[in-house]
Amino acid sequence: MGRTMIEKMLGSHGGGDCGPGDIIWLEVDNRTARDFAGANVVANLEQYGGEKPIEDPGKTFFTFDCNVPANTIPYANNQHRIRMFARKHGLRVYDVDYGIGSHVLIEEKLAGPGSTTVGTDSHLNIMGAVGAFGQGMGDLDIAFTFKTGTTWFEVPPSVRIDLTGTPSSDEVEAKDLALLLLGRFRGHELLGRSVEIYGDWVERASLEDCITVASQATEMGAIIALFPPNASVLGHFGMSREEAVYADPDASYQATYEVGISELEPLVACPPGPTNVRPVSGFTEPVPVDSVFLGSCTNGTLQDMELAARLLEGRKVHPGVMLRVVPATRKVWGEMLRRGLLDIIFEAGGILSNPGCGGCAAGQIGMTGRGEVQISTSNRNFTGKQGDGDTYLAGVGTAVASAVLGRLASVHDLQAKGGRR
Amino acid sequence: MTRPVRLEGRVWVLERDGRLIDDIDTDMIYHNAHLAVTEASQMGQYALGNLKGFSDFASKASAGDLVLAGDNFGSGSSRQHAVDCFISLGILAIMARSFGAIYKRNAINSGLALVEVPGLPDGLIEHHETVALDLETGYLSVGSGEFHARPMSSVSRDIYLAGGLFEYARTREPRA
């Protein structure tokens, strides 16, 4: 019997010949904690860690991305507590200047195809984008892996999604595919599953496209959304197909779903949650927009920023609308500087921030007020998550078009109206 | 540390319009405004503080109470606070039709009893009614009837009985 991607990856990391439902002791290649919950990890290690709280300092990292630099005293205290702990034990800290930890791990090629990574970021299953295992866990779990290099894990059942067709509209982005899947499967159907995604779209996707879709596996309730590494992903890591992990041709899946994408169009997830998905074209009444957030681990890549700048070039953000832009990492920020993207976004009226998790975690670049309508490229719009206002999740094109037109709009609408120059 | 496998207590039924609430996420359980808290004893006061209709839960719940919700309880972030806030209040167990994957691990690792009740009919357990529950068999009895919850998995039972992941590992995993 053949094996699925996750069965192979977990199998080579302590699971042996494991199958769905088996409890394994997972060998973890990268053990990480963020500024969020990192201090709780330190507290656990101080309580339970004993003489040797870190099994392998070379595999153990802190990544600061939630509240960077800290704008509250408790966060500042937590970050510094982590730094002191890291210095004492010789651990690398990707500090407040680096950006989103999961993206840094991919950029720095620490988490490549087939590897295993855990951390306190619930979107760490974003590693599925590069055909790797990643999992967000609580601070107790992470403290345990810092100390032992392992933790228990129940091998999830695998399902596969076959994407059929090619989107006929060129304004469709990876985010629209993520939203399509969220709307189709809601938060329950894929709950606790490892999802493998196949199809022509996957073969042609950029690394950034894969990141966008994989980052929303958490909201689908899935353990992870795995992409079999394509040329773009292998190219980033300088790896060959032989070095990556793929499912066996006769692997067995609990279910196979076919999802047609040729009719895909720009979508939004409306309040109160990421699975409440509608087409942008489907609103009969205009939705006036007060603010737009562009960034997050879902849509903060250089590809996203380039698309935003291309659409904003020569245009202005609608009067009264706040456009907030937070690149995912320092590296993306630097490229934006060199390529002139910062200038375009500035001239259009955008507010630019240093890299990090932006509005998602601790309101680094602002929260929404009661009655405020925000279009966000992030991944969660649960009630109260980003403030008291109403947040709609959308792709970069929809977010930028909405910022320029001052109402929920697609790139198609933007091109038709031109926007304010 | 001895941990009870038979529990009895008053149930907080998280329902709206007579239906158990689905998709209660970690920001509703423990809002991100309080994430900088590292002392578990300080977390209880924020429990369910952002869940509409239940924001007074922390002030009214008593040690020994149980909580019941619908599908996908604890979806969202990985914050342990969303588990520890209930432990801090002395909540005995959380029952739900299903749980978010990370939440489930966090609760198991902290030794908080989680009970999956797939298919539990709305209304079988009334708000503030007392239930008796056997964690090992999943047998649940309540004034108006009974229900068979999913029994705890072996790993979750062992960690629960040990009182948490580190305590469990001391008995099982030589490296810990």
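How many disulfides does the rule find over all chains? The count comes to zero, where a disulfide is a pair of cysteine sulfur atoms within 2.5 Å. Before the close-ups, a word on conventions: this is a predicted model, in which local features need pLDDT of at least 70 and side-chain atom pairs count only at pLDDT 80 or more, while totals for chains, interfaces and linings use all residues. Residues are numbered from 1 along each chain as its sequence is written, chains are lettered from A and ligands numbered from 1 in the order in which they are written, and side-chain values use heavy atoms, with hydrogens and water left out.

**View 1**
Let us start with Cys66(A). Its closest cysteine sulfur belongs to Cys357(A) and sits 5.0 Å away, too far for a bond. Cys66(A) counts as buried because its relative accessibility is 1%; buried means under 20% relative accessible area, exposed over 50%, and partly exposed in between (1.4 Å probe, protein chains only). For Cys85(B), the closest cysteine sulfur is that of Cys66(A), at 18 Å, which is also too far for a bond.

Cys85(B) is found in helix H3 (residues 81-89) of chain B; helices (H or I, at least four residues) and strands (E, at least two) are DSSP runs, numbered from the N terminus. With 0% relative accessibility, Cys85(B) counts as buried. Leaving aside residues up to four places away in sequence, Cys85(B) touches Ile29(B), Tyr30(B), Met43(B), Gly44(B) and Ala47(B), contact being heavy atoms within 4.5 Å. Ala107(B) is 22 residues from Cys85(B) in sequence, and their C-alpha atoms are 11 Å apart in space.

**View 1. An open parallel sheet in chain A.**
Four strands make up this open sheet, in the order S10-S9-S8-S11 (chain A), with parallel pairing. Two strands pair if DSSP finds at least two bridges between them. At the edges are strand S10 (224-226) and strand S11 (255-260) of chain A, each pairing on one side only. On average, neighbouring strands of this sheet are turned by 25° against each other, direction ignored. Strand S8 (residues 158-164) and strand S9 (residues 194-199) of chain A run parallel and are joined by six bridges. For a residue to look for, Arg160(A) has Glu196(A) as its bridge partner in S9(A).

**View 2. A helix across the sheet.**
Helix H6 (residues 174-185) of chain A lies across S8, S9 and S11 of chain A. Against S11(A), the helix runs at about 125°. Axes here are lines fitted to C-alpha atoms, for helices over the stretch in contact, and angles run from 0 to 180 degrees between N-to-C directions.

**View 3. Salt bridges within the chains.**
The whole structure holds 22 salt bridges over all chains, each being a side-chain nitrogen of Lys or Arg within 4 Å of a carboxyl oxygen of Asp or Glu. In one of them, Arg34(A) meets Asp65(A) at 2.8 Å, N to O. Arg34(A) lies in strand S2 (residues 30-34) and Asp65(A) in the loop between strand S3 (60-63) and helix H3 (73-89) of chain A, so this pair ties together parts that are 31 residues apart in sequence. Both Arg34(A) and Asp65(A) are buried.
Elsewhere in chain A, Glu306(A), Glu335(A), Arg338(A) and Arg339(A) are linked in a network of salt bridges. Within it, the closest N and O atoms of Arg339(A) and Glu335(A) are 2.8 Å apart. Arg339(A) is partly exposed at 44% relative accessibility, and Glu335(A) is partly exposed at 23%.
In chain B, Arg150(B) and Glu116(B) form a salt bridge at 3.6 Å, N to O. Arg150(B) is partly exposed, with a relative accessible area of 46%, whereas Glu116(B) counts as buried at 17%.

**View 4. Where chain B meets chain A.**
Which numbers describe this interface? In all, 43 residues of chain B are in contact with 41 residues of chain A. About 3500 Å² is buried between chain B and chain A, and carbon and sulfur atoms give 61% of that area; buried area is the accessible area (1.4 Å probe) that two parts lose on being put together, summed over both. The rule finds one salt bridge across this interface. Arg105(B) and Asp141(A) form a salt bridge, with their closest N and O atoms 2.8 Å apart.
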